[in-house]
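Visitor: I would like to learn how to read a model like this one. Where should we begin?

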Amino acid sequence: IMTAQTFEFQVEASRLLQMMVHSIYSNKDVFLRELVSNASDALDKLRIEALRDDSLGADVSDLHIAIETDKDARTLTVRDNGIGMSRDEVVGLIGTIAKSGTAEFLQKLEEARKAGNAADAEGLIGQFGVGFYSAFMVADEVTLLTRRAGEATGTRWTSTGEGTYTIEEVGDAPQGTAVVLRLKPADTDDQLFDYTEPWKIKEIIKRYSDFITWPIRLVTPAEAGKDGEEKAEDGDSEKPEPETLNSRKALWARPKSEVSDEEYHELYRHISHDWTDPLETIRINAEGTFEYQALLFLPARPPHGVFSHDKRGVQLYVKRVLIMEECEELVPPYLRFVKGVVDAQDLSLNISREILQQDRHIQLMRRRLAKKVLSTLKEMRAQRPEKYADFWREFGPVVKEGLVNDPDSKDAILAACSFATTHDAEKTATLQEYVERMREGQEHIYYLTGSSRSAVEDSPHMEAFRDKGLEVLILTDAVDEVWVDAVPEFEGKKLLSIAKGEAELGTEEEKEAAKAEREQQREEYAGLLEWLSERLGDEVKEVRLSSRLTVSPACVVSDTDDVTPGLRNMMRAMGQ
Ligand code: ADP
Ligand code: MG
């Protein structure tokens, strides 16, 4: 016997729901975008699973999304015949919020609300991506009926969004998912439209979901005519063909000039689940023996966990059909933040990961995509410096990993890189710019690593360089400790840490004079040096005079090939 069980929402889920129920978000239309996006994901998943698993037994002949409106019942249903969810998945995915950063998001949101800052709160919700729960902005009850492909029984989930939900087993649910919204009365909120109106549904789908590759059909019950009796006699008359609302044109296959930024951004949202507009949109159209189109996005901010290697956002399509959601073979690890779509003409639909890794065309494609992303960064720096600066702050440390991991692309990566420098506190510099500014007689590119700009600037190593007006790169990312060794020189100039060995400064003449002076000093101070050496014993290798300090009396340096303190810390953190 199947009885409904009542559960409580996880605390965070419950708080988020409360905000949706008493919504402060004025753009309520987005709930439909969210439900359609989920339905589209579910169809993609079924399609991919069916390709891999012959025994799934799911009908994939007419995959689509249906939106059904019922004016009399005041319900709106979004139905898909996609992958569906098992009972456990419903509990896990709908009853809790797995998204990391939710707690932080909720806290910020509450702060903004307490401060009476509605605009900030809206911005936050928009950024977070409201997801399934956004249904509660327009509905006072939501029912989800679902059956997972390959499973016999289905699940019904119902909630009014007030702390609890019920779950019930259903014997005869169709495969896929139907989300039924019981719409709030329109007069409860002056920003609430009548979402049973076909024109409103059409408008929202056109605006937010036009690019969805699955057909989105509008199903309205045959209009109940004014004369009810006449209608009843006519009961068996044919139903009109449902109307497909979206054009389903792949953006990457349409001419560049015909696609608006708005459309690109919607696609980006859909594939990245990031609600901030991307910084840059990149298109590649490769013709020839191996044809493909790529549409790539540079995000404005890192998703959670960009420094972990588990997720990469480029989807692989073959002739408009999504075959892999996170195809990491398409972008090198140091560009793992890139999101987008690659659509290839001549790949097998059920290509395996193993084959992808070895496929020569895929490797060429990956190189080309990486090159294009790097050249776009270079161009951004020249043409749109503010955007580049925003990007570089967030993703620079990731890109620089490539200097270590992808030596073949070193030049292209360096051309996209920029570094903080003593030359200008506000502006970063490329190595090219550094070299162009080098003083006469300067042979090396000087840098100093450290935990922060101020730590580096206050370092005693810096004193002589500051006095002589020599530019020093200020490297403060953990990865900086590593790549400087992988890039021994740039345009014939060696990269040299000013914390290592004896940094030789000045022109030949100055060096000669300094040498003579040092000889003399060495004699004068021999006694002191000897005494210091004895006192410090095994703590140091050597005590010597230095020409590098102008204010500080002494500093500790490492040998040229010793690890720097920063690197030692990083290696320790990595467990080495
Ligand atoms: P997101 O889509 O960002 O993961 P949502 O709140 O929109 O967040 O959805 C939560 C999860 O619920 C989805 O990741 C998906 O696993 C599941 N889900 C939602 N709608 C459907 C659906 N129509 N079919 C199958 N699974 C769904
Ligand atoms: Mg979603």
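Guide: Begin with confidence. This is a predicted model. Over residues 223-233 the pLDDT stays under 50, and the model has three contacts there beyond four places in sequence. Residues 305-310 also have pLDDT below 50, with six contacts in the model beyond near neighbours in sequence.

Visitor: How should low pLDDT be read?

Guide: Where pLDDT is low, predicted coordinates should not be read in detail. Treat residues 223-233, with pLDDT under 50, in that way. Treat residues 305-310, with pLDDT below 50, likewise.

Visitor: What is the mean pLDDT of the chain?

Guide: The mean is 85, and 85% of the residues reach 70 or more. For the complex, the predictor gives an ipTM of 0.99 and a pTM of 0.75.

Visitor: Next, the fold. How many helices and strands are in the chain?

Guide: The chain has 18 helices and 20 strands. Of its 576 residues, 33% are buried. Now take contacts between residues at least 6 apart in sequence: 73% of them join residues at least 24 apart.

Visitor: How do I read a sheet?

Guide: Strands of a sheet pair through backbone hydrogen bonds, in parallel or antiparallel sense. Here, an open sheet of nine strands runs in the order β1-β6-β5-β4-β7-β3-β2-β8-β9, with mixed pairing.

Visitor: What happens in the hairpin of β5 and β6?

Guide: Four residues lie between the strands, and Gly-161 takes a positive phi near 80°. Move on to β4 (residues 139-147), which pairs with β7 in the antiparallel sense over eight bridges. In that pairing, Glu-141 stands opposite Arg-182 in β7.

Visitor: Which residues of the largest nonpolar core touch the most other members?

Guide: Ala-135, Val-342 and Val-472 do, in a core of 127 residues. α2 gives the most to this core, with nine residues. Take Val-342 as a case. Leaving aside neighbours within four places in sequence, its contacts are Tyr-292, Ala-294, Val-314, Leu-316, Tyr-317, Leu-330 and Met-365.

Visitor: Now the ligand. Which residues are closest to ligand 1?

Guide: Asn-38, Ala-42, Gly-131, Phe-132 and Thr-177 are the closest of the 16 residues around ligand 1. By type, the shell divides into seven nonpolar, seven polar and two charged residues.

Visitor: Which helix gives the most to that shell?

Guide: α2 does, with four residues. Both α2 (30-52) and α3 (87-94) supply at least two residues of the shell.

Visitor: Why does Phe-193 count as partly exposed?

Guide: Count the other C-beta atoms within 10 Å. A residue with 20 or more is buried, and one with 12 or fewer is exposed. Phe-193 has 17, so it is partly exposed. Check the distance along the chain too. Lys-28 is 165 residues from Phe-193 in sequence, yet their C-alpha atoms are separated by 8.7 Å.

Conventions:
Residues are numbered from 1 along each chain as its sequence is written. Chains are lettered from A and ligands numbered from 1 in the order in which they are written. This is a predicted model: local features need pLDDT of at least 70, side-chain atom pairs count only at pLDDT 80 or more; totals for chains, interfaces and linings use all residues. A residue is near a molecule or strand if its C-beta atom, placed from the backbone, lies within 6 Å of it. Ala, Val, Leu, Ile, Met, Phe, Trp, Tyr, Cys and Pro count as nonpolar, Asp, Glu, Lys and Arg as charged, and the others, Gly among them, as polar. pLDDT is the predictor's confidence in each residue, from 0 to 100. Two residues are in contact if their C-beta atoms, placed from the backbone, lie within 7 Å. A nonpolar core is a set of buried Ala, Val, Leu, Ile, Met, Phe, Trp, Tyr and Cys residues joined through C-beta atoms within 7 Å. Two strands pair if DSSP finds at least two bridges between them.
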